[in-house]
Amino acid sequence: MFKVLLSTIICLMGFIHLSQAQITVSGNVRNADTKEVVPAVSVTMKEAPNGDYTNDQGNFRFSVKKQYPVTLVFSSLGFETKEVTVSSAGPLKIELTPVSVLGREVVVSASRFTQKKIESPVTIERISTKEIINSPQPSYFNMIQGLKGVDVTTSSLTFTTITTRGFNTSGNTNFTQIVDGMDNQAPGLNFPLGTAIGLTELDVDNLEVLSGASSALYGSRGLNGTLVMTGKDPFKYQGLSAQITQGVNHVSKGKSNDPFGPSPYYDWTVRWAKKVSDKFAFKINVQYIQAKEWMATDTTNTNGPGGPLTDPKYNGVNMYGSKTMVDINPFLQAALQQTPELGPVINPLLQNGSNYVARTGYPEYGYLSNDAKLLKANVELRYKIRPRLEAIISGTFGKGNAVYSNDTRYALTNFELGQYRAELKAEHWFLRGYTTRENSGNTIIASPTAQLINEAWKPSFNPATGDGWYPQYTGALLEAMAGGKSYLDASNIARAFADQGRPDASSPLFQHLKDSIASLPTSKGGTLFLDKSKLYNVEAQYNFTHLVKFAELIAGLNYRLYRLDSKGTLFPDNDGPIDVAEYSAYVHATKKVLKDKLSLSAAFRYDKNTLFEKPRITTRASAVGEVNRESFIRFSYQNAYSFPSNIQALQSTPVDYNSFASGGSSRLLNGVYQFDRYPAYTLESVTKYQQSNNPADLQKFALSDIKPQSVDAFELGYSSLIAKCILIDVLGYYATWKNFIGYVNVANTPGTDDPAAFKDHSTYMSYNIAYNGAEKVNTYGYAASVAVDMTHNFMGKVNFSSDFLKNRNNSQVNNFNTPSYKFNIDFGNTGFGNKERFAFSTTFRYRPGYFYQIGFAAGNVPASSVIDAQISYRLLQAHCRIKLGGTNITNVYYRNGFGSPAIGAMYYASFAYNVF
């Protein structure tokens with residue numbers, strides 16, 4: 001009996017062992033044409049969750065509780081998918097055949113479902129990591145400007161703002177930037193700071209740009225579009241990668257007022273990712289950029305025609321301190337009373353009505369820092385709790401210098417941004433929480449800082465002594481005119497006399513004054529803003545498709561808290577941080593009908609912001625029909641709302657002497673600025689009154705509590721892949737905006753109703769205020785693109801777009817800063833010659849001249865034609881690539897924003913190891 005029982009137990013244990021036996025599959029994947037290893041290939045068990053990715057050596061290995069035979073599926077964009085049946089143990093040798101990627105790209109951001117780009121219900125542009133590798137741009141972020149329908153404003157070398165469909169400005173609060181599911185905006189400023197805490201150069205898997213309104217899926221900030229950036233999964237992209245780019249910019253000193261000679265450019269990037277086991281992987285990214293900044297040097301006079309020698313009230317676009325402008329008539333009248341014999345000189349001047357004179361300003365070069373620096377670091381840990389349940393923890397930190405333009409130029413020095421995430425991601429759901437923290441560092445607000453420097457070394461007027469810059473100027477002016485000099489000659493003599501003792505921008509005195517003013521908070525009379533605002537966000541999403549069967553259905557919830565903390569320097573938060581919460585819920589459904597030839601989708605989103613009483617509902621409906629094989633027509637409608645950003649509602653920042661960049665909430669309008677007691681007048685009418693002395697010229701401007709804006713947008717488009725080698729896409733759109741948020745320049749006289757107070761800027765305040773326009777605003781446009789696979793790895797692309805604004809509200813600064821049309825051309829080859837070692841690419845961008853408005857200036861941006869190019873060579877055995885290239889290689893300086901720097905050529909050499 002015992003022997004029978006023992007035999008039974010042994011047999012049972014053997015059966016259990018066999019039932020739990022694991023097999024291990026491993027092998028190597030190579031390119032069938034070049035015989036190179038192919039990294040980041042997906043290797044999965046057919047109809048099972050198990051799998052792996054090939055590493056940087058093309059190897060894969062994983063274990064599974066199955067018995068032979070098993071079927072493996074090998075897939076990677078740019079190669080034919082291959083199935084292989086494995087019947088026994090042993091390493092596999094797999095070769096994949098390259099194929100064209102045209103029409104095969106998949107996207108997620110268009111509907112939060114994975115789908116082919118050509119079948120997307122809305123216009124979407126995509127950049128892959130392979131395109132980044134072959135681009136002539138040393139930064140992937142600058143590649144975006146070549147996409148269809150995209151506009152950019154380059155405020156400095158490390159700060160570029162992107163948008164779509166016309167509303168283009170530096171620091172766009174209506175464009176959303178998502179990085180690995182996280183909103184990339186600065187919590188206080190409410191706009192994304194470019195790549196400051198974006199992905200490093202070697203960690204980009206892909207970029208997707210949604211043109212136009214995308215609020216239904218990504219929240220109220222996405223009225224002008226959304227950029228979705230996805231980083232590389234450390235399970236998929238493994239190994240050590242490094243890239244060193246050394247270049248030179250400012251190659252032509254003096255050209256377009258460029259103050260520099262040839263200057264070095266450095267960009268060093270390292271990425272290390274490792275799959276420690278089938279369950280755990282990590283990645284570490286570090287990038288450092290350093291160069292001489294592109295300086296803004298526009299000397300155009302914002303106060304009319306003439307230059308510094310021909311207009312006493314000269315104020316250059318990029319001159320700082322010369323916005324201090326005073327009518328010297330009171331000083332002329334005082335001189336006439338003291339010395340009546342000067343009547344023949346003074347009386348003709350007084351008959352002019354006004355004689356405004358500006359203080360002498362400082363150019364940007366020598367005043368603002370010219371050192372562009374950016375350090376980015378990222379660490380991410382991933383743990384697979386189960387094959388389809390993953391825990392992710394990541395942290396990203398950025399620190400550097402940048403300059404952006406708004407109501408003046410802001411020099412962000414040693415700013416810091418950090419973003420930290422914890423996430424659970426399953427096959428059908430995710431739960432994500434993250435926080436973003438900013439520190440504005442030693443920010444210099446260019447114009448008011450320079451004005452206060454001028455007041456520090458010599459006050460404009462000291463009532464206690466009767467002396468000052470303007471009394472000295474007036475005395476020297478009259479003395480010169482009495483001696484027979486013309487008014488303009490006498491004005492230049494008077495300026496030189498009053499400027500005696502004026503410190504040069506490179507002098508120790510100037511630096512001392514600048515540091516003392518810029519280190520004192522705005523709330524205490526200086527120009528430092530102390531923004532340490534924070535953002536907290538929790539989001540959950542569930543995909544119900546596997547449960548409901550009849551449609552693809554997802555739903556999600558989102559909670560966000562802004563903790564505004566500027567110590568009264570950016571927001572009215574002297575008494576403590578201001579909390580602004582947002583709640584939202586969304587649902588998106590897609591149903592295919594007519595034998596899957598027609599795809600219908602609808603999305604709804606509920607948003608509530610605690611600054612505003614009423615919640616808002618956003619809707620989107622779309623249809624995509626397959627008219628024939630690989631040809632699709634799409635139509636979409638979206639009704640989108642956008643709550644005013646924290647900046648548009650609550651900002652109160654000095655940008656000039658007694659001048660503020662202002663939000664439009666009643667908390668500011670009446671609580672701080674006292675518009676209910678001392679009404680606002682248009683700044684244009686105040687200027688007219690200053691010249692005419694006629695109070696009837698003053699025009700009141702009624703302002704009320706700012707409220708959400710909305711847009712109803714329609715789009716019709718068509719995409720087709722012809723003969724598997726030509727991809728075309730055409731579209732047209734029309735949008736109607738209600739309660740459109742723009743800006744208006746107004747002024748008031750707190751403490752007095754006497755119009756004469758507008759004669760002296762020390763007794764009146766001016767504001768650039770966000771407000772809702774009463775008129776409906778319409779935008780419309782069209783775009784087209786063609787991409788051609790010419791075989792043998794040659795690819796050509798061309799795109800064209802055109803955007804227009806109708807029913808422009810002339811009382812608003814609306815930031816519709818785009819040319820009437822623009823086009824881009826790309827041509828390149830990703831591999832030719834022996835074993836496809838060589839590659840090249842060229843791009844051409846053309847923009848006609850156009851009008852550009854920004855808070856501190858407005859004017860025409862000249863037309864530009866820009867060529868970028870690169871050629872590269874691969875060292876196959878060493879896994880290295882050498883690239884020689886240049887941006888704007890003709891070195892014809894151009895601007896893409898009024899008041900922004902002129903951008904010249906940058907030539908570089910790049911050495912990359914193990915980049916894929």
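**Strands, cores and rings in a predicted model**

Strand 11 and strand 12 are joined by a hairpin of two residues. Strands here are DSSP runs of E with at least two residues, helices are runs of H or I with at least four, and both are numbered from the N terminus. Strand 11 covers residues 150-156, and strand 12 covers residues 159-164. The two pair in the antiparallel sense over six bridges. Pairing requires that DSSP finds at least two bridges between two strands. Buried means under 20% relative accessible area, exposed means over 50%, and partly exposed lies in between (1.4 Å probe, protein chains only).

The model is predicted: local features need pLDDT of at least 70, side-chain atom pairs count only at pLDDT 80 or more, and totals for chains, interfaces and linings use all residues. Residues are numbered from 1 along each chain as its sequence is written, and side-chain values use heavy atoms, with hydrogens and water left out. The predictor's confidence in each residue is its pLDDT, from 0 to 100. The chain has a mean pLDDT of 91, and 97% of its residues reach 70 or more. Residues 1-20 stay under 50. For this stretch the model has two contacts beyond four places in sequence; a contact means heavy atoms within 4.5 Å. Where pLDDT is low, the predicted coordinates should not be read in detail.

Strand 10 pairs with strand 15 (residues 204-211) in the antiparallel sense, over five bridges. I127 has L207 of strand 15 as its bridge partner. The other sheet also has five strands and mixed pairing, in the order 35-36-41-40-37. Here strand 35 (652-656) and strand 37 (681-682) form the edges, each pairing on one side only. Strand 37 runs antiparallel to strand 40 (residues 741-748), and two bridges join them. T682 stands opposite V746 in strand 40.

Nonpolar cores came next. Such a core is a set of buried Ala, Val, Leu, Ile, Met, Phe, Trp, Tyr and Cys residues joined through side-chain atoms within 4.5 Å. The largest has 42 residues. Those with the most contacts inside it are L189, L193, Y404, Y410, F415, L417 and L564. Several elements each supply at least two of its residues, among them strand 19 (280-292), strand 25 (389-405), helix 12 (646-650) and strand 50 (906-913). Strand 26 gives the largest share, four residues. Beyond its neighbours within four places in sequence, Y404 is in contact with S155, F159, S170, L189, F191, R409, Y410 and L412. A second, separate core has 37 residues, including A335, V403, A480 and A498.

A search of the whole structure finds 53 aromatic pairs. Rings of Phe, Tyr and Trp (its six-membered ring) pair if their centres lie within 6.5 Å; planes under 30 degrees apart count as stacked, over 60 as edge-to-face and the rest as tilted. The rings of Y320 and Y367 have centres 5.9 Å apart and planes at 45°, so this pair is tilted. The pair links distant parts of the chain, 47 residues apart. Y320 is in strand 20, whereas Y367 is in the loop between strand 23 and strand 24. Y320 counts as buried at 2% relative accessibility. Y367 is buried too, at 0%. One aromatic cluster is formed by Y734, Y780, Y782, F800, F804, Y821, F823, F844 and Y846.

Charges also sit over rings. This requires NZ of Lys or CZ of Arg within 6 Å of the ring centre and within 35 degrees of the ring normal. The charged end of R502 sits over the ring of Y362, 4.0 Å from its centre. For K759 over the ring of Y689, the distance is 6.0 Å.

Some backbone details remain. The peptide bond from Y68 to P69 is cis, with omega near 0°. P69 is found in the loop between strand 4 and strand 5. K549 is not a glycine, yet has a positive phi of about 65°. K549 lies in the loop between helix 11 and strand 30 and counts as exposed at 67% relative accessibility. N914, in the segment after strand 50, has a positive phi near 60°. N914 is buried, with a relative accessible area of 4%.
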